[in-house]
Amino acid sequence: MTLELKAAGVTFGGTLFGGPRKRALAPLDLTVGATPHILAVVGESGSGKTTLTRLLLGLLRPTTGAVAWHGQDVWRLPRPAFQHYRRAVQAVFQDPFGAFNPVYRVDRMLILPALRFGLAASAEAARPLAEAALAAVGLRPGETLGRFPHQLSGGQRQRLMVARAMMLKPAVLIADEPVSMVDASLRATILETLYRLRHEGGMSLLYVTHDLATAYQIADSIMVMRNGEVGAS
């Protein structure tokens, strides 16, 4: 299952009201998922890392080039293929405080994706899947399910995001600064969980960070970005 950028680039600005155009990402060729692999994308703030992840997730349309899933342009996929792409390419975002709707319990955040992507026919059937996903990231289902997000710590919420993504058994997991907002005692735990689940699940992991130390710790290869361009690999 291959996710590709084909000379994909992004430029902002130059709207109806004029103004300068800014290149957020220079045209880039990148293949993720051809073989299980951990690629770390490293760069300072404003280097283009987030623009890259938004392209790969189909949240941002490239100005030039294309984003392809199995060789087909993501933005032209028929609905069944697009649904497969949405399930196969998952994300763990930076902010564990803003990732979940505070009015819903944790149960819904795990059960709804299972129903949405056809992993279970009912909420009752989805519950064992949710419990297994929580256990896989070191959370106790009995102490997690039934709670609201604000009743969990930042580290628990971050691992909950990993559990939700991994429950769908993705081919590609994009982790955008997954440990930048948790304390040092939890960073090693979350990184070890991602590393273990990547090997157990046979998926590819795109680890986006500004921290070279953790990149060297878990990655098979490193891509350095600066000013919207790839500087080294």
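Q: What makes a set of grid points a pocket in this predicted model?
A: On a 1 Å grid over the protein atoms alone, a pocket is an open set of points with protein on both sides within 12 Å along at least five of seven lines. A volume is the space filled by probe spheres set on the points, which are joined across faces, edges and corners.

Q: Which residues line the largest pocket, and which of them lie nearest its centre?
A: Lining residues have an atom within 4 Å of a point. For the largest pocket there are 22, with Gln90, Pro113, Phe117, Arg164 and Leu168 nearest the centre.

Q: Why are residues of the lining counted as nonpolar, polar or charged?
A: Ala, Val, Leu, Ile, Met, Phe, Trp, Tyr, Cys and Pro count as nonpolar, Asp, Glu, Lys and Arg as charged, and the others, Gly among them, as polar. The lining of the largest pocket therefore divides into 16 nonpolar, two polar and four charged residues.

Q: What is the volume of the second largest pocket, and which residues are closest to its centre?
A: The second largest pocket has a volume of about 310 Å³. It is lined by 14 residues, and Ala136, Met166, Met167, Lys169 and Leu197 are the closest to its centre.

Q: Which helix supplies the largest share of the lining of the second largest pocket?
A: Helices are DSSP runs (H or I, at least four residues) numbered from the N terminus. H4 gives the largest share, four residues.

Residues are numbered from 1 along each chain as its sequence is written. Local features need pLDDT of at least 70, side-chain atom pairs count only at pLDDT 80 or more, totals for chains, interfaces and linings use all residues, and side-chain values use heavy atoms, with hydrogens and water left out.

Technical notes: On a 1 Å grid over the protein atoms alone, a cavity is a set of points where a 1.4 Å probe fits but cannot get out, and a pocket is an open set with protein on both sides within 12 Å along at least five of seven lines; lining residues have an atom within 4 Å of a point. Helices (H or I, at least four residues) and strands (E, at least two) are DSSP runs, numbered from the N terminus.
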